[in-house]
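The following paragraphs lead through a multi-chain model, moving from one interface to the next and then to the domains within the chains. Please keep the structure open while reading.

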Amino acid sequence: MTLLHESDYGTPAAVCDETVRVQVDGIDVTVPKGTSVMRAAAEAGLSVPKLCATDSLQPFGSCRLCLVEIDGRKGTPASCTTPCEPGMVVRTQTPKVERLRRNVMELYISDHPLDCLTCPANGDCELQDMAGVVGLREVRYGYEGANHLDAPTDASNPYFSFDESKCIVCSRCVRACDEIQGTLALTIVGRGFESKVSPGGRSFFDSECVSCGACVQACPTATLEEKSVIELGMPTRTVETTCAYCGVGCSFKAELRGDELVRMVPSKSGGANEGHSCVKGRFAWGYATHSDRVLSPLVRDSITEPWREVSWEEAIAFAARRLKEIQAAHGTDSIGGITSSRCTNEEVFVVQKMVRAAFGNNNVDTCARVCHSPTGYGLKTTFGTSAGTQDFKSVAASDVIVVIGANPTDAHPVFGSRMKRRLRQGARLIVIDPRRIDLVRSPHITADYHLQLQPGTNVAVVNAISHVIAEEGLIDDDFVADRCDPILYAEWREFIARPENSPEALEAITGVPAADIRAAARLYADGPNSAIYYGLGVTEHSQGSTMVMAMANLAMATGNIGREGVGVNPLRGQNNVQGSCDMGSFPHEFSGYRHVSDDVVREQFETLWGAELRGDPGMRIPNMFDAAVTGEFKALFVQGEDVAQSDPNTHHVQAALAAMELVIVQDLFLNETARYAHVFLPGTSFLEKDGTFTNAERRINRVRPVMASKTGKQEWEVTCDLSTALGYPMHYDSASQIMDEIATLTPTFAGVSFHLLDEVGSVQWPCNADHPLGTPVMHVDRFVRGQGAFQVTPYVPTEERSTRRYPLLLTTGRVLSQYNVGAQTRRTANVEWFEEDVLDIHEADAEARGIADGTWVTLASRVGSTVMRARICDRVPPGVVYTTFHFPSSGANVVTTEYSDWATNCPEYKVTAVEVSPTLRGPGEQTVGVAAGSSVAG
Amino acid sequence: MTRIYVPRDSAAVSVGADDVARALESALAARGIAAEIVRNGSRGMLWLEPFVEVQTPAGRIGYGPVTVEDVEPLLDAGLLEGGAYALSHGPVDQIWWLASQQRISFARVGIHDPLDLDEYRRLGGLVGLERALAMPPEEVAADVLASGLRGRGGAGFPAGIKWRTVLEAESDVKYVCCNADEGDSGTYADRMLMEGDPFTLLEGMAIAGTTVGSTRGLIYVRSEYPDAIRTLRTAIDIARVDGWLGDDVMGSGRAFDVRVVEGAGSYVCGEETAMLESLEGKRGMVRPKPPIPALQGLFGNPTLVHNVLTLSAVPSILADGAAAYQALGIDRSRGTQVFQLAGNIARGGIVELAFGVTLRELVEDYGGGTFTGAPVRAVQVGGPLGAYLPGDALDVSMDYEALAAAGGLLGHGGIVVFDDSVDMAAQARFALEFCAVESCGKCTPCRIGSTRGIEVIDRITAGIDRDRNLVLLDELCETMTDGSLCAMGGLTPLPVRSALMYFPEDFHRSPEAMER
Amino acid sequence: MRIETLTRMAQQIAINNEGVGECEAIERVAKHLKTFWTSAMVDELRGYARGHADELDPVVLGALERLQAQHQV
């Protein structure tokens, strides 16, 4: 249940071009064929009482409150399960059905606690509402009969409790788990009066429940209730906003009592999530008000001194003075800034503006550098736009789904559930991953092909697939002829047909049987709608950009671009990776991906900003660190990214930071980077921000301030103050004004404004005169760059190889309950599910090394070593080990190397040659002086 | 070599048929007599089981009930020649109880070894399938429709219409599902047929499958029927080897195969949609209709769902013609019904007769009245959810419409007799108890209503607020009848209301009631 | 910046652009360097290449020459 009542039509909308006209209580209504009588009534403005029906779930027909009478039909059919038929005359209120409803409700209440006044759901309970609606006045059965009032409460889940005594066995929770989340953790056990909801006979915590909250959301009573509501009471106001975890960008209703957040409830109107959520967005928001947060600015002259708490004015003046001094002494190019994919578009935009206009150089980069920069490069080169091609909904029209180097059920759970729904409907699945991710086999889903490749051989596998498609005549010649550059195509066609790209030739390198590649290639080419979804397992390689282009080639060659159900789709790691890239965070591009050397574009910015801007690219993050070590780069402003923990080759990063004269950090917490900082500017959590995030489907969502800024300032205000202090005055009255400036300067954002977003909810860019309400699917009639550009994608192996000394290959990822480097999730009860990183190792490799399950091991590469617990499992093949990077104590990236993508310098987090050995040392003992840290995923 | 028949049917076995067979075998061996013991199905005269028959030139002579102790004296009396003995019933085909029946579905049951395919053929088996395969599917479906055959599971829906619907549904995958989750109290015809003549059921399914365009048949057999499951599985293997199940049914080029699925042990799985859920591996919960299973059934595919007895009638309809079947019966109830006599009855067993026989004929002429000899006070027709009819209302014609008009239902043809010692308030309570235990728990009227009903009846019989509680019980019955999702909750009020109507005095017995 | 880093980056760019013929590869590498490298980085690499041509891929050398020529135009 939810405080801000969204209309509930009872059953899902029917999709059908044919319509039927029916009459409900004298009102004529025309609905698509297949619409339920209940929904037709709702559309006619009538409301039929209901408990088991809700429009996010298929009709079930169990509560029997929605009975109606239909002329010419005997009995009293349930309106939720009865489809409209032409000319039907329905009566929803007759003495007969009113009596039946009242008598059914009487049965419900005869087995329900009479504690409405003290119940946490008081005022937010459908059972209570319906008892009123049907006019129940007495329970003639009395309350002495058999009942479930003494049933126990299961409080094992940290975020919600299950009070069985209040359960009306409507199965909404069970169905939500099945239909929406797809985990199938809940069931009904027992028969008849003894029927009850059960998480598979175990406690919720020990069950397969993934704590997505769908059941809590679906529950019409207080049976499944957020503990925060039980503790704090019913919220009194609602603010609609956007989650700040992964790149799915779920819309939420933040529900508060006064200034205190009580719960986050997913919005049905949210374009990305349509009412669904995961454990992080739904429940793990407690970090935002955690006591570890720093709320006042801090400064110090050297990093060996303790921090001094100062006023905003003093901190800004201090930072500006030092920056100016450094530029005076070491040159304009000696300073730079890093924007954050966790911040809003508006916050990012002003930081890059400050760098370009106030710092006077283009030394601005973003943490997306270390996650999805190859996506930007690859998709821009081939299609013309640095973004995914589809909206999330598109997956419902896919016939074949290819998942490459992504683990949606853990890392993008809400989209993962959408994908699973389609797979359960029968879409085919190809998984390309060294690891057996959950999708390969989960309830009612089995991958048709799991191409379990050697880490680092993505390009070889996709080239081999394309080779088969070319060789076996599976290319969509019409699409290629109509839509793609013929010269580039001919070049690619010649390249891909070479024998060295055949699956047979590559089998020894990829480790994937040629027959499987051929079969998967045919499946993908046959479609008819085949879609590729990928993650950091594609980009974080030395050939990340090549791989993105190889996938684009594949999609173009088979005509899988430009309509529902197809496309090439990055799953973005952080909430605003797409947005931070869009906003001109890269050193060579202004917002909207226009090169700084483009005189026409630059002039527009110069005119509006009243500043002279540089036309040559600035430094990327790794360039800045390299230059710092060699003494050319002296000061860094870094917002919302913990580079000392998250960037690779941490020793090198630490050395670079230590060599700088000034490091300014803006963050929620005193993070690892802050150890090297001279100025700490407190940041705001997403609950305090006012602005927009852009998710992986290019959807621009509003982030609204749920509570006042705890630091007294918005982050963009701080940036403006610093810029002004540097001599370039910057001022906005509101975040909305910043978006207006973005819209003015960025053609793909030309139609975007807070006003529009508040009106329509969200839009997907491009949003401009041609597409006033945005663009769900791109490249429909033509590619953004005109013709699709095939690219020759030679497989160039990484220099990182397994050796005698480091014979295993390490790859990394995420788990559901934790996020990224864990700064947020480690400060929530999510640690109850996952309290330390572990190393997954195959039994054969463990056996050979004398490693027992659950014992401590040393994980060492040529750059460093760390200690963690081993978990023997068959998710990884022999020769490959896997770990997560959520805990600094284990610091998986201590061992990752300096190798990076050739085109974008995105680090090669996903392939590291390592050795694993048993150890008696305890956890957290990393090799000092080599490297420390863990990867960020963007 | 002389053949001696000792039934293998589990009803016969439960009263010692296996022991009798073993004793016979060793006695024959000891005496050096060469005779073949055939384990046949049961003739359905359950009060005579174990019913031993011997093949003689004068026909089959029957003896029963035979115990192990009877074996030696029986042999001494000249069993092999059909000699006179106290338990002799003379030539079996002259026993009125059997001879007067119109056995179609049960035509072969009890006559032969159920797994002897040659015998099955000799007794007319596989003629129907052969004929059906030679006809266009539309004509086969039309024949079934013309025969007037209606669903024997209880709902009585015209089988031919279902066949046509599934036949016309467009789908690569279709199913034929046989519902053998026989759970009604006092019913056992499905089991006796599956144990006593499994080929008839399989032939009926093969005709149905090849007609509607299905290649996959499933028989959902309740787990309490292990012998039936075993027998069916063996029969399927035999039929495959013989080539009338499998990839190429009788060389027709059409494929149809059958698999037996053991039920999950729930009464409600006898409801067709709950059975489909259970077959899909889910909890056996009722699905709302529409969509009807004929269009969206098992795994969403068009599915022909029929009871064992419906499918078992099909081979003879095809073999002997729809007209012959249609010629039997009364009004809109055509053909025969397999009645099962049970409860407090002198001669319980299978009586297959054309529709239209009266309940009195069944109970008195065939059943011989009560087992105790006391007057018949009530008869429940159609299983635990059927109405109770009073002993003085037995002249009702046994067909779908007449029974409905009398406030009852035919159900699966089960007839349970009670004498005058029965407490009908307790019986009404039992109906609700049964519902409370067996309800799938999905819909509220059934899930909670059944339990509340028990409590209300208890208050009524205890004399607490009787008038008010009688009104409440009546409203509860209305709520369950009109508000339940399926027939389980919807029919439970039938026995309750009929008990209230015909036997109101039983609800007024308590001392408190007397005082009022 | 460290010259080892710059040469490694340049070599990697060159290798990944091979497969389209040397002439086209030079064009593409030149374009890449111009698009993504700071002028200081390009200048530094060019300076190094003067004395160490034998250590660099011919495509890298070609690209540096191409950039020089464009610059002078």
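Across the interface of chain A and chain C, the rule finds five residue pairs in polar contact, counting pairs in which both residues are at pLDDT 80 or more. Two helices of chain A, H15 (486-496) and H22 (621-629), each supply at least two residues of the side of chain A that touches chain C, and H22(A) gives the most to that side, with three residues. Sorted by class, the side of chain A that touches chain C has 10 nonpolar, 10 polar and eight charged residues. It should be kept in mind throughout that this is a predicted model.

The extent of this interface can be stated both in residues and in area. In residues, 28 of chain A are in contact with 23 of chain C; in area, about 2100 Å² is buried between chain A and chain C, with carbon and sulfur atoms giving 54% of it. Within the area that chain A buries against chain C, Pro617(A), Val796(A) and Trp902(A) supply 25%, more than any other three residues. The count of salt bridges between chain A and chain C is one, and the side chains of Glu491(A) and Arg28(C) meet in a salt bridge with an N to O distance of 3.0 Å.

How do the chains pair up beyond this? There are two pairs of chains in contact, and of these chains A and B share the most contacts. Chain B and chain C, by contrast, are joined by no contact, and their closest C-alpha atoms lie 48 Å apart.

Turning to chains A and B, 34 residues of chain A are in contact with 34 residues of chain B. The area buried between chain A and chain B is about 3000 Å², and carbon and sulfur atoms give 51% of that area. On the side of chain A, 25% of the area buried against chain B is supplied by Arg140(A), Tyr141(A) and Arg191(A), more than by any other three residues.

By class, the side of chain A that touches chain B has 15 nonpolar, 11 polar and eight charged residues.

Within chain A itself, the domain assignment gives domain 1 (19-93), domain 2 (153-288), domain 3 (298-371 + 581-745), domain 4 (374-570) and domain 5 (808-918). The C-alpha centres of domain 1 of chain A and domain 2 of chain A lie 28 Å apart, and the contact between these two domains takes 11 residues from domain 1 and 10 residues from domain 2. Together, domain 1 of chain A and domain 2 of chain A bury about 860 Å² between them, 55% of it on carbon and sulfur atoms. Leu51(A), Leu57(A) and Phe60(A) are the residues of domain 1 of chain A that lose the most area to domain 2 of chain A, together 54% of what that side buries.

Across the interface of these two domains of chain A, the rule finds one salt bridge, and the side chains of Lys268(A) and Asp55(A) meet in a salt bridge at 2.8 Å from N to O. Five residue pairs in polar contact are also found across the interface of domain 1 of chain A and domain 2 of chain A, both residues being at pLDDT 80 or more. The residues of domain 1 of chain A that touch domain 2 of chain A divide into six nonpolar, four polar and one charged.

For chain B, the domain assignment gives domain 1 (2-99), domain 2 (117-326), domain 3 (334-379 + 390-416) and domain 4 (424-515). Taken over C-alpha atoms, the centres of domain 1 of chain B and domain 4 of chain B are separated by 47 Å.

A last point concerns confidence. The mean pLDDT of chain A is 93, and 97% of its residues reach 70 or more. Over residues 928-938 of chain A, however, the pLDDT is below 50, although this stretch has 60 contacts in the model beyond near neighbours in sequence. Where pLDDT is low, the predicted coordinates should not be read in detail.

How values were computed. Residues numbered from 1 in each chain as written. Chains lettered and ligands numbered in written order. Heavy atoms only, no water. Domains from an automatic or database assignment. Contact = heavy atoms within 4.5 Å. Buried area = accessible area lost by both parts, 1.4 Å probe. Nonpolar A, V, L, I, M, F, W, Y, C, P; charged D, E, K, R; others polar. pLDDT = per-residue confidence, 0-100. Salt bridge = Lys/Arg side-chain N within 4 Å of Asp/Glu carboxyl O. Polar contact = N/O pair within 3.5 Å; in protein donor to acceptor, adjacent residues only side chain to side chain. Helix = DSSP H or I, 4+ residues; strand = E, 2+ residues; numbered from the N terminus.
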